[in-house]
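Happy to walk through this one with you.

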Amino acid sequence: MGLNDTPSGERVHIGFFGCRNAGKSSLVNAVTGQELSVVSDILGTTTDPVKKTMELLPLGPVVIIDTPGFDDSGSLGELRVKKTRQILGQTDIAVLVTDASRAPNACENELIALFNELSIPYIIAYNKCDLLENNVPDTFSAVPKERKICVSALKGQNIYELKELIAWLIKPDKNEVFLCGDLIKPGDIVLLVIPIDKAAPKGRLILPEQMVIRDVLDNDAIPVCIKEDRLAEFLERPGFKPSIVITDSQVFGPVSKIVPEDIPLTSFSILMARHKGLLKEAVRGAAALKAMHDRTVMPKDHTEPTSKPYRILISEGCTHHRQCDDIGTVKIPRWLDEYIGGPLDVSFSSGQQFPEDVSGYDLIIHCGGCMLNEKEVLTRMKRAVAQGTAITNYGIAIAQFKGILKRSTAMLPEVNDLL
């Protein structure tokens, strides 16, 4: 991915939902101007969600998602419906495609209830309106008229108007959330400590590093990139003092010992937690992590430490080839063992395999979520909170392990009262 490309996790995710043969795939093809989805008169032609990352005028960078029919039946149908529910957790804007020639059914009413439950802005797209002289049917009375539109995928009617309506629902500040831009001034030197990640292909920086570099440049500051083994000598250069140091969390410990206390220090992962809306809950999760340490290492009632293992889920939003010293499956479990000092039961998830039921875990340690959009990160966070499970992220957890959490979040006023 180049610095000028918009990552998938930063794009508006638009999902098309509805019953089988309502014309979802045909409408997706009409909206995108591509044969993105297979179209057929056979019920259940779309068997899995189909995603397309693209630039869609007048919307800009988006991810279009075509989903299986929500009224699918049988054992395979149940799996497709489950997958559709999963897609709802990452949907910024929903389009309910309904067949204008019939009355609404229970499936469509259930989808609307889910949209409302998950606070997803939505539109009712009456497809096949060419058969009804393009008049909006008097159905879905609880939905405001301005969020209903008649379309015809077959005739191409009102497709541009549908895109305009979707654009109207998108929050104007969707892509205006800073990573670090509000922490720096034009002309500031921002020192980025970037270990060469073995998990990243040769010649490529990992996505959070790319995003921070772009954010620094967009705010007229000066990014200076350096490997951790050159940091000490670089900081000793006469007259050189960066405004802030941002490091990969994996080298948080040694970097914090080198960077003087009067220079703000944080990590790419902590900035991603802030960017995705997870920061406050992640800091609360660090408090839960500390409580585990305190109960195991220093029991306040002077009794023997509990032998019951803490159940911890380490979750990554993407999938990649595991290296011998992988951050999620090797380093964090090792640091957990050293920090908590008691029995642990550690599980792992990656990609879309985040569990529906997380109530059995004492803590979730999530990655930075750079490959997930804000909606999905918040969906996972809310699921954990609703089920009484603490959640944090890699950067916050590592800062807690190394005893530098307060220092590494000192420049972030939104969490000062939590520390």
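Q: At what angle do helix 5 and helix 8 pack?
A: This is a predicted model, and in it helix 5 covers residues 207–218 while helix 8 covers residues 268–276. Their axes lie 10 Å apart. The angle at which the two helices pack is about 75 degrees.

Q: What does that make the orientation of helix 5 to helix 8?
A: Angles of 65 to 115 degrees fall in one class, and the angle here is about 75 degrees. Helix 5 and helix 8 are therefore roughly perpendicular.

Q: How many disulfides does a search of the whole structure find?
A: A disulfide needs two cysteine sulfur atoms within 2.5 Å. For Cys 318, the closest cysteine sulfur is in Cys 367 at 5.9 Å, so that pair is too far apart for a bond. Over the whole structure, the number of disulfides found is zero.

Q: Is Cys 367 buried or exposed?
A: Buried means under 20% relative accessible area. Cys 318, with 26%, is therefore partly exposed. Cys 367 has a relative accessibility of 11%, so this cysteine counts as buried.

Q: Is Ala 390 buried or exposed, and why?
A: Ala 390 sits in strand 14, which spans residues 390–393. The cut-off for buried is under 20%. Because the relative accessibility of Ala 390 is 18%, this residue counts as buried.

Q: What separates the C-alpha atoms of Ala 390 and Gly 285?
A: Setting aside neighbours within four places in sequence, Ala 390 is in contact with Ala 288, Asp 362, Leu 363, Ile 364 and Gly 285. Along the chain, Ala 390 and Gly 285 are 105 residues apart. Their C-alpha atoms, however, are separated by 5.0 Å.

Q: Among contacts in the protein chain between residues at least 6 apart in sequence, what share joins residues at least 24 apart?
A: The protein chain contains 13 helices and 14 strands. Of its 419 residues, 53% are buried. For contacts between residues at least 6 apart in sequence, the share joining residues at least 24 apart is 71%.

Note on methods. Residues are numbered from 1 along each chain as its sequence is written. This is a predicted model: local features need pLDDT of at least 70, side-chain atom pairs count only at pLDDT 80 or more; totals for chains, interfaces and linings use all residues. Side-chain values use heavy atoms; hydrogens and water are left out. Helices (H or I, at least four residues) and strands (E, at least two) are DSSP runs, numbered from the N terminus. Buried means under 20% relative accessible area, exposed over 50%, partly exposed in between (1.4 Å probe, protein chains only). Contact means heavy atoms within 4.5 Å. Axes are lines fitted to C-alpha atoms, for helices over the stretch in contact, and angles run from 0 to 180 degrees between N-to-C directions. Angles under 35 degrees count as roughly parallel, over 145 as roughly antiparallel, 65 to 115 as roughly perpendicular and the rest as oblique.
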